[in-house]
Amino acid sequence: MRTDFDPQAMEPFAFYQLLTAVVVPRPIAWVSTLSSAGTANLAPHSFFTVACVDPPIVQFTSVGRKDTLVNVEATREFVVSFASEPMFEQINDTATDFPHGVDEFEAVGVEREPSLRVKPPRVAGAPVALECRLHSTLCLGNSTVVFGEVLHAAVDEAVLVDGHPEIGLLRPLSRLGRNEWGSTATDGVREIARIRYQDWEQR
Ligand SMILES: Cc1cc2nc3c(=O)[nH]c(=O)nc-3n(C[C@H](O)[C@H](O)[C@H](O)COP(=O)(O)O)c2cc1C
């Protein structure tokens with residue numbers, strides 16, 4: 001037996017709560033931007049993924065018109081800092097609905113560092129920063145998908161093993177349903193190679 005949920009018959013928020021509980025775990029983009037006045041902004045976005053391989057494009061979604069979206073539209077640049085477990089509480093603090101014009105780096109006490117290719121700062125303590133130039137936006141109902149071409153990736157040497165980012169050192173946080181967050185304990189990581197069709201019959 002299954003329970004049926006009909007989005008047409010439900011309040012949008014109730015269906016959103018269902019959707020975000022079953023599309024899990026979601027990686028978290030910790031997005032920094034600059035306003036047209038030059039004030040920095042920092043906020044987590046878990047509607048986040050890779051959108052294109054070549055050119056490298058990432059996407060995140062603003063539900064409603066938040067400061068991050070307003071800034072990206074105005075200044076056309078953003079940085080995605082990696083949401084790693086040691087910064088758990090700071091990441092959550094930057095989701096507070098501070099008024100427009102408040103610099104979350106300052107308000108929350110997050111150390112910044114300059115980016116190489118774009119003007120918005122990176123989070124100094126984050127193991128990875130993806131510096132992005134706005135590619136395009138797509139309006140869908142009450143939300144806007146933001147696509148950004150990754151111009152530069154800056155990775156802390158401490159998380160690289162043989163030049164590749166190591167999951168146990170990155171320690172990604174993820175967003176689950178409600179106010180739940182996930183962590184990636186190394187013993188929760190499984191590895192399996194994809195099977196080529198030409199090898200399928202010999203299995
Ligand atoms: C883990 C986490 C993930 C979030 N993901 C999103 C998201 O994908 N899209 C969104 O619009 N808001 C998301 N939020 C809420 C925003 O971070 C929050 O509304 C924030 O205040 C927006 O800041 P801004 O107005 O400075 O852009 C998330 C919050 C948390 C804690």
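1. **Basis.** This is a predicted model, in which local features need pLDDT of at least 70, side-chain atom pairs count only at pLDDT 80 or more, and totals for chains, interfaces and linings use all residues. Residues are numbered from 1 along each chain as its sequence is written.

2. **Overall make-up.** The protein chain has 6 helices and 14 strands. Both are DSSP runs numbered from the N terminus: helices are H or I with at least four residues, strands are E with at least two. The radius of gyration, taken over C-alpha atoms, is 18 Å. The C-alpha trace spans about 60 × 50 × 30 Å along its principal axes.

3. Of the 203 residues, 28% count as buried. Buried means that 20 or more other C-beta atoms, placed from the backbone, lie within 10 Å of the residue's own. Take the contacts with a separation of 6 or more: residues 24 or more positions apart account for 60% of them. A contact requires C-beta atoms, placed from the backbone, within 7 Å.

4. **Strands β5, β9 and β10.** Strands pair if DSSP finds at least two bridges between them. β10 (residues 143–155) is antiparallel to β9 (residues 128–140), with 12 bridges joining the two. β10 also pairs with β5 (residues 57–63), again in the antiparallel sense, over 7 bridges. Thr-144 of β10 is the bridge partner of Ser-62. Cys-139 also stands opposite Thr-144. β9 and β10 form a hairpin with 2 residues between them. In that turn, Gly-141 has a positive phi of about 55 degrees.

5. **The three-strand sheet.** An open sheet runs in the order β1-β13-β14, with antiparallel pairing. Its edge strands, β1 (26–27) and β14 (181–183), each pair on one side only. β13 (residues 173–175) is joined to β14 by 3 bridges.

6. **Ligand shell.** There are 17 residues around the ligand; Ala-43, Lys-66, Asp-67, Thr-68 and Ala-95 come nearest. The cut-off is a C-beta atom, placed from the backbone, within 6 Å. β3 (40–45), β5 and α2 (67–75) each supply at least two shell residues. β3 gives the largest share, 4 residues. By class, the shell holds 6 nonpolar, 7 polar and 4 charged residues. Ala, Val, Leu, Ile, Met, Phe, Trp, Tyr, Cys and Pro count as nonpolar, Asp, Glu, Lys and Arg as charged, and the others, Gly among them, as polar.

Technical notes: Rg over C-alpha atoms; globule rule 2.2 N^0.38 Å. Buried ≥ 20, exposed ≤ 12 C-beta atoms within 10 Å, placed from the backbone. Contact = placed C-beta atoms within 7 Å.
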